[in-house]
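Hi,

Here is the structure I promised to pass on.

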Amino acid sequence: MTLREINDVEDLYEYLYAAIQLEHATIPPYITSMYTMKPNSNLEAYNVIRVIVVEEMLHLTLAANVLNAIGGAPNLIKEGFVPEFPTYLPNGEEDFEVNIESFSPKTIDNFLMIERPAREYQDGHVPKQFTSFKNTSRKRILPTYISAEGEEKHFYSIGEFYAFIGEGLTKLSLKLGEEEFFKGDPERQITPEYYYSGGGEIIPVTNLESALEAIRLISEQGEGFEGAIYDNEGELSHYYRFEQIKLGRYYLAGDTAGNPKGKELTIDWDAVYNIKTNPKMEDYPEESELYEANVKFNTYYKNFLAKINDAFNGNPQNLIPAIGEMFVLKNMAYELIHNPIPGKEGVYGAPTFEVDKVPEISKV
Amino acid sequence: MDINLIEFQFFLKLSEKLTAFTSFQLQGTGVAEAYYSTVKNVVGVTIFQELIDTFNKIQTDSDDETSLDKEIRHRILSNSKLGPVARNIIKMWFVGTWYQLPNYWLEKYGVSNSDSTFVVSENAYKEGLLWPTIGAHPMGAKAPGYGTWEDPPKIPTV
Amino acid sequence: MSNDHSKITYTIDHSTASQKVYDVVIVGSGISGSILANEIAKEGFSVLIVEAGPGKDLSLTGYEKLLNTFYTAVTKDNNAPYKSNPNAPMPRSPKVQKARLGHPNTDNYMVQNGPFVTDTSYSRVVGGTTMHWEAKTPRMLPEDFKMRTLFDKGLDWPITYRELQPYYRMAEKEIGVSGNVESQEFKHLDPITKEFSETSLYADNYVYPMHQMPPSYLDKCVAKDINGTTLELDGDKKELKVRSFPQGRNGIPNVEYRKYNNGEVYRPVAAVSSHQAEIGERCQGNNNCTPICPVQAKYDARKTLAKALRTGRVDLLPQTIASKVVVNPENGRVTSIEYKNYKDVNSSEYESGVLKGKIFILAANAIENARLMLASGLKSTSNLMGKNFMDHPYLLCWGLLPENTGTFRGTICTSGISDIRSGHFRRKQAAFAVDIHNDGWGWATGSPYTNLLDIVDNKNKYGTALRKELVSQVSRQLLLAFMVEMLPETSNKISVNPQYRDRLGNMRPVVSFHVPDYSMEGVAYGRELSKQLFQRLGAEDYSIYDPLDYGYVNYNGSGYAIRGGNHIAGTHIMGTSERNSVVNFKQRSWDYDNLFLIGAGSMPTIGTSNTTLTMAAMCFLSAEEVIKDLKKITSKTEIASPIYNSISG
């Protein structure tokens with residue numbers, strides 16, 4: 001998939017599809033790392049990551065609201081929606097790969113790459129120019145940006161990607177007229193009755209202001225506000241939340257980047273199940289219970305995405321039972337991670353998230 | 001602990017028989033090793049070894065499920081030394097609690113003063129097999145999510 | 001959202017606190033104390049909250065420790081999340097033993113004189129007993145406020161349902177109630193016409209902040225057979241229906257509620273924590289409301305307390321027991337509260353001092369309020385301090401349904417029968433509400449643990465047979481809990497006796513208690529009704545009441561094991577004069593003008609409603625009065641003479 005300059009609504013649909021895909025793509029690596037922590041260990045690190053996951057789900061939902069507001073239709077069940085790990089991020093960052101792997105310092109470094117703030121700020125503002133785009137020759141499975149000149153480029157950070165979407169929204173709203181542009185059925189919006197959590201508030205999107213507000217919330221929760229470690233709501237951004245794990249100390253209000261001054265955050269890097277990195281179905285012996293359980297997980301996960309998709313496509317009330325499925329998935333993931341792979345010394349199983357390789361359980 | 005330890009594998013096999021959960025499910029709880037250590041610590045290595053050895057012999061001696069069942073009853077569950085230990089292993093798997101062994105047992109075989117009723121760990125409580133057996137979850141943990149209680153329970157068939 | 005990333009110290013040490021003169025000193029950080037503190041602090045006044053228990057529970061780590069204590073507790077009673085604290089002990093139900101004739105039962109914190117021994121419990125921790133409340137929030141009925149007038153039983157309140165209604169709404173907002181108004185619209189008596197009323201209990205098309213908790217599958221199965229049951233009771237014809245209960249836990253906000261919330265959709269309150277841990281969304285069905293909700297979807301008073309603390313005008317002084325209320329005999333005004341502050345729950349060492357304020361509020365609960373007043377040597381003109389002790393007696397009836405309906409799923413209770421809460425029969429026998437328990441026989445028998453032990457040790461099953469037997473014994477369980485009305489009687493009382501003290505030397509509460517015949521008549525009727533309902537359901541009745549049970553009560557030739565409801569009330573009832581009550585309807589002490597005794601202790605009757613919601617409503621009413629007082633004091637600070645006339649007698 002390739003993104004191009006945003007000139008019409010169809011272009012924006014593609015960007016928002018990529019946004020939803022991007023927000024989702026971080027979830028399997030994040031939750032797997034949490035689930036590899038041994039029982040009753042690393043509770044602080046677990047909670048740090050859990051909050052980020054909760055916010056990623058909010059971002060996913062916000063992106064779906066924006067897409068619905070401009071008459072698009074979220075699609076979480078399309079083949080290829082769930083990336084094959086290792087993967088690049090769907091926004092085109094490609095100087096690092098995203099893995100499914102055990103909780104470790106290296107994994108946290110990887111998460112820091114995912115959440116890295118935009119590289120340069122001019123006058124303390126998100127750059128208008130995507131100076132950080134760079135050329136590449138590597139083969140990609142995920143979208144890149146083709147400039148007007150036909151050059152293939154990549155976003156450096158998630159924030160830049162969203163800033164681009166924000167500009168596109170503003171541009172098209174002006175071009176088509178706000179009312180005409182935001183023509184989506186408001187009944188398709190996920191509203192606060194159906195989605196709330198400690199991780200922030202859902203914003204129903206009906207016009208340019210609310211759309212930009214949603215985009216702002218996503219980027220700020222991710223990487224902070226105007227280069228600061230806290231966002232406009234006073235919440236620590238994801239990058240710095242992860243950095244606390246790396247540095248072993250909590251940030252306090254008023255701290256500067258890289259110098260947290262809060263209490264110590266203790267981590268036991270050894271209290272972790274050593275899973276197969278980026279596991280695949282064929283890593284588990286066929287006929288083994290591990291294999292069966294993984295197929296079952298993937299099938300449930302596929303079904304889970306189908307239910308979320310149904311909620312995003314006109315049945316917002318179905319979001320609540322869909323979210324309930326996550327509890328089942330969590331227990332299934334734990335079961336996999338606690339079991340050694342037969343024949344592999346000291347290496348444990350993990351869900352493979354290969355949803356395109358399994359059939360759906362049921363139609364929603 | 002080396003989980004490939006043969007004794008641990010036999011403990012899992014015995015637990016499979018006693019609980020009717022598969023070794024995958026038992027290991028999936030993440031507390032199998034803790035249970036293995038708990039039994040060994042409380043009843044002592046000798047009795048634990050005797051239990052494992054007896055089970056092993058039974059397995060070799062029995063040709064089918066019916067004779068296996070009979071031998072488990074005859075040589076383990078009805079045995080005054082091994083029976084209470086085996087029953088305690090069952091209870092521990094189902095609710096995460098080690099129950100103090102009966103007085104007569106303690107007087108005759110007791111080696112450790114760590115034998116009292118206790119919950120093995122927080123996780124042992126959460127991983128009790130009783131709860132999935134009845135299509136539920138331990139009270140206060142592993143919640144199924146808002147509104148799930150409206151639907152009939154999903155009780156696994158055995 | 002609870003995103004305080006900075007280090008905020010909410011607690012104050014006792015030496016600093018004792019240097020200050022607060023506008024208000026509140027004893028107890030439970031729901032009453034927290035609501036009062038928040039309302040008063042919002043108006044700009046300074047508040048000190050004195051709490052007997054330790055105060056670290058406001059952080060998520062602190063809360064997780066409570067959870068872990070619960071997970072690893074062998075006995076999972078109401079107070080299982082709390083380590084034993086001999087400096088501020090609390091009743092523990094597993095410790096309750098049968099009374100021996102003529103010997104007070106002194107083993108537990110509460111000394112029990114009998115004849116009835118109660119297993120009722122409360123928590124002396126930050127957040128008070130809401131930490132383990134089930135969070136059921138039905139309102140009282142209009143007729144409940146007029147028991148004497150309508151039924152010639154109990155007492156009338158000095159306030160009517162209609163007068164309390166706006167405060168009920170405030171309480172429902174504060175607690176965050178999920179409920180369905182229609183499900184509560186069963187037939188009830190109009191206190192004026194004395195006939196069944198067609199008017200809504202709620203008025204103005206009111207809705208609750210959130211939609212009702214979905215009824216459990218069990219509720220729906222039971223409803224199929226129970227709905228439509230007709231019965232005649234003292235001339236009233238009744239038709240039973242399973243109805244959902246309103247509950248104080250996060251559900252799905254009702255957009256219709258906007259009109260009661262300044263045009264905004266109700267925003268559920270997440271977990272209380274002070275550090276980077278956003279949790280506490282919708283109820284996830286942990287089936288553990290009592291003793292502790294692991295995700296803080298259930299309201300507990302710390303949610304209100306956290307708001308109060310964030311005003312910056314409230315100090316929390318934990319690990320401090322109010323040991324004496326000091327009164328100036330000249331003018332009958334409270335001058336200070338003496339305290340004992342302990343450093344460590346494992347040590348009996350303490351330091352003492354006095355806390356000063358302009359207005360004093362005791363919000364420690366019905367037993368502790370009365371205990372403190374009596375221990376301070378402060379009786380009341382009416383001589384009613386500590387008397388009229390009430391608690392809902394519960395009768396449990398349990399059976400096995402013909403099909404697997406599932407147990408241990410959902411909140412502890414989602415629905416029940418409310419039709420017998422109201423009617424003319426109340427001139428003869430107690431009304432009751434019936435809970436359908438989603439946690440099986442747990443309360444009655446200790447299921448599922450007892451089932452497991454029985455199957456393994458007595459039924460000699462293992463493996464597949466064990467699993468099948470577990471399903472057969474547990475998944476069909478139905479427990480009906482009859483929460484029976486209890487009326488005030490002066491002989492049911494809390495007293496103190498210098499002979500009985502806790503480790504810090506504070507006098508322990510002494511309970512004298514019997515279950516009145518009026519209630520037992522309701523219990524007996526409830527038992528008969530349960531048999532009828534089990535017949536309709538095709539359920540096997542396993543209810544058995546052991547004469548050796550500590551709560552065993554013989555009534556008219558039949559025995560019943562009665563359980564405490566943890567709805568302690570009545571020990572400082574409100575009324576119309578200093579002769580018939582301890583406080584007025586604003587919960588101000590008749591005898592000590594700058595003293596308020598707050599909580600269910602002020603309730604003259606408790607009807608068939610769990611007490612917390614009504615108590616919370618009363619707190620909002622009292623807050624208005626305290627604020628009025630404070631404004632008067634502030635505007636007259638220059639005047640040296642006391643502004644209150646002494647009414648002491």
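**A helix of chain C and what it packs against**

Let me start with α10 of chain C: its buried residues pack against α11 (463-474) of chain C, and also against α6 and α9 of chain B. Keep in mind throughout that this is a predicted model.

Which residues of α10(C) are the buried ones? The helix runs over residues 449-458, and the buried set is Tyr449(C), Asn451(C), Leu452(C), Ile455(C) and Val456(C). Looking down the axis of α10(C), you find these buried residues within an arc of 165°, so they line one face of the helix. Just past the end of α10(C) comes Asn460(C), which has a positive phi of about 50°.

**Where B meets C**

Now for the contact between those two chains as a whole: 39 residues of chain B touch 41 residues of chain C. On the chain B side, the elements that supply two or more residues are α1 (6-19), α6 (82-95), β2 (118-119), α8 (122-126) and α9 (130-133). Which of them gives the most? That would be α6(B), with five residues. By residue type, this side of chain B splits into 22 nonpolar, ten polar and seven charged.

**Cores**

The largest nonpolar core holds 335 residues. Those with the most contacts inside it are Val66(A), Ile26(C), Leu36(C), Val47(C) and Ile361(C). Helix α3 of chain A, residues 43-69, gives the most to this core, with 13 residues.

**Chain A in brief**

Chain A has ten helices and five strands. Of its 364 residues, 50% are buried. Taking the contacts in chain A with a separation of 6 or more, 68% are between residues 24 or more positions apart.

One backbone detail in chain A: Glu287(A) has a phi near 75°, which is positive although the residue is not glycine. Glu287(A) sits in the loop between α8 (238-247) and α9 (289-312) of chain A. Is Glu287(A) buried or exposed? Exposed, because Glu287(A) has 9 C-beta neighbours inside 10 Å, and the cut-off for exposed is 12 or fewer.

**Backbone details in chain C**

Asn556(C), another residue other than glycine, has a positive phi near 50°. Its place is the loop between β20 (552-555) and β21 (558-563) of chain C. Asn556(C) counts as exposed because 8 other C-beta atoms lie within 10 Å.

There are cis peptide bonds to look at too. The bond from Gly114(C) to Pro115(C) is cis, with omega near 5°, and Pro115(C) belongs to strand β3 (residues 111-115) of chain C. Thr290(C) and Pro291(C) are also joined by a cis peptide bond, with omega about 5°. Pro291(C) is in the loop between β8 (242-244) and α7 (302-310) of chain C.

**Ser352(C)**

Ser352(C) lies in strand β12 of chain C, residues 350-362. Neighbours within four places aside, Ser352(C) contacts Glu338(C), Tyr339(C) and Lys340(C). Ser323(C) is 29 residues away along the chain from Ser352(C), and their C-alpha atoms are 9.1 Å apart.

**Confidence**

The model scores ipTM 0.97 and pTM 0.92. Chain C has a mean pLDDT of 93, with 95% of its residues at 70 or more.

Cheers

Methods. Residues numbered from 1 in each chain as written. Chains lettered and ligands numbered in written order. Predicted model: local features only at pLDDT ≥ 70, side-chain atom pairs only at ≥ 80, totals over all residues. Contact = placed C-beta atoms within 7 Å. Helix = DSSP H or I, 4+ residues; strand = E, 2+ residues; numbered from the N terminus. Nonpolar A, V, L, I, M, F, W, Y, C, P; charged D, E, K, R; others polar. Buried ≥ 20, exposed ≤ 12 C-beta atoms within 10 Å, placed from the backbone. Core = buried A, V, L, I, M, F, W, Y, C linked by C-beta atoms within 7 Å. Arc of directions from axis to C-beta. pLDDT = per-residue confidence, 0-100.
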